[in-house]
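Hello,

Here is the structure I promised to pass on. Please open it alongside this message, and then read my notes below.

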Amino acid sequence: MAENTTAPKSAQIAARPLSPFMLGPYYKFQLTSVLSFAHRISGLALSLGTVLIAIWVLSAANGAWSYAQFATVARSIPGEVLLFAWSWALLYHLCNGIRHLVWDSGFAFEIKHVYLGGYLVVAISLVLTAAVWAVAFAV
Amino acid sequence: MSLRSPLSEARGLGSAKDGVGHWWMQRLSALALIPLSLWFVFSIARYHVADYPTMLAWIHAPLVAVALVLFFLAAFYHSALGVQVVIEDYIGNEALKIGGIALVKLAHFALAAASIYAVLKIAFGAL
Ligand code: HEM
């Protein structure tokens, strides 16, 4: 077999920046990739959140004492902050999930629309989060 | 004995061997979760400060209990499928990958069963 003279030498291969290691000096962040990461991170965070949701409903089913234990933690400052962060993660993942479903249906693939959708998703998720908490406290 | 030829059995299944099944169920559960999780996040924002009798009475209402069960079914199913994809993407070692997916699936089953049981216990119980 003939020697492949155009192939990079192994030293060059080792020095070449590869995907995750490109983050930082070699990688220019863009709205598109950041929102894509955010969908995965928020999805994983929500999956962890389901554990807390299970604890909530189990403690309610278990009786007044267990529910009181849960409520004390949930209504502490860190508990409220976590709850608020969870609500934004859920609403962001929901809005961006709809964006995914639109893509899956074959629409909005032009770069212009991908960016427009990205800005919309961030804006709408923030507005929805504010609205959820405002209405929840108003009623 | 199956009358299908080996080719027709392999066609359309791709390298994951389950065709578009996983992908499709991820979308279907996402669709169900749009109304369910909007309702759920709002309800939690509203009721997380409720006292115990109020919380019980809320879960006890038939429509709320059914909506909670639907939310749990869709959320745990969607979550299990989603975490599986993340594991498949990042874990190269075959044994770790299979073991991780098995663990994730079993944990989701257990949490789903426990959560739905808790809702039904409250729904069918006395207030
Ligand atoms: C409790 C609620 C939810 C949990 C725990 C959850 C969790 C996850 C996880 C872990 C993933 C995998 C992420 C990835 O592969 O990068 C995912 C993907 C996805 N989720 Fe959710 N999710 C939830 C709610 C929703 C909702 C309300 C929607 C609404 C449309 C949605 C739409 C999607 C879609 C379309 C994907 C696939 C994205 C892709 O192919 O990259 N999810 N979810």
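Helices here are DSSP runs of H or I with at least four residues, and they are numbered from the N terminus. With that in hand, chain A reads α-α-α-α-α along its sequence. Its make-up is five helices and zero strands. Please keep in mind that this is a predicted model.

**Chain A overall**

Chain A has 139 residues, and 33% of them count as buried. I also looked at its contacts with a separation of 6 or more. Of these, 66% are between residues 24 or more positions apart.

**The iron site**

Which protein atoms are donors to the iron atom of the ligand? They are NE2 of A:His93 and NE2 of B:His78, lying 2.0 Å from the iron. This pair crosses between chains. A:His93 sits in helix H4 of chain A, residues 77–104. B:His78 sits in helix H4 of chain B, residues 62–90.

For comparison, the ideal angles for six octahedral donors are 90 or 180 degrees.

A:His93 has 14%, so A:His93 is buried. B:His78 has 16% relative accessibility and therefore counts as buried too.

**A helix pair in chain B**

Next, look at helix H2 (residues 21–47) and helix H3 (residues 52–60) of chain B. Their axes come within 12 Å and cross at roughly 160 degrees. Angles over 145 degrees count as roughly antiparallel, so H2(B) is roughly antiparallel to H3(B). The crossing of H2(B) and H3(B) is right-handed.

Which residues meet where these helices touch? From H2(B) come B:Trp39, B:Ser43 and B:Tyr47. From H3(B) come B:Thr54, B:Met55 and B:Trp58.

**A loop residue in chain B**

Finally, find B:Asp18. This residue lies in the loop between helix H1 (6–10) and H2 of chain B. B:Asp18 has a relative accessible area of 40%. B:Asp18 and B:Phe76 are 58 residues apart along the chain. Their C-alpha atoms are separated by 20 Å.

Best wishes

Definitions and conventions: Residues are numbered from 1 along each chain as its sequence is written. Chains are lettered from A and ligands numbered from 1 in the order in which they are written. This is a predicted model: local features need pLDDT of at least 70, side-chain atom pairs count only at pLDDT 80 or more; totals for chains, interfaces and linings use all residues. Side-chain values use heavy atoms; hydrogens and water are left out. Donors are N, O and S atoms within 2.8 Å of the metal (3.2 Å for Na, K and Ca); water is not among the atoms, so sites may look incomplete. Helices (H or I, at least four residues) and strands (E, at least two) are DSSP runs, numbered from the N terminus. Buried means under 20% relative accessible area, exposed over 50%, partly exposed in between (1.4 Å probe, protein chains only). Axes are lines fitted to C-alpha atoms, for helices over the stretch in contact, and angles run from 0 to 180 degrees between N-to-C directions. Angles under 35 degrees count as roughly parallel, over 145 as roughly antiparallel, 65 to 115 as roughly perpendicular and the rest as oblique. A crossing is left-handed if the near helix is turned anticlockwise from the far one by less than a right angle, and right-handed if clockwise. Contact means heavy atoms within 4.5 Å.
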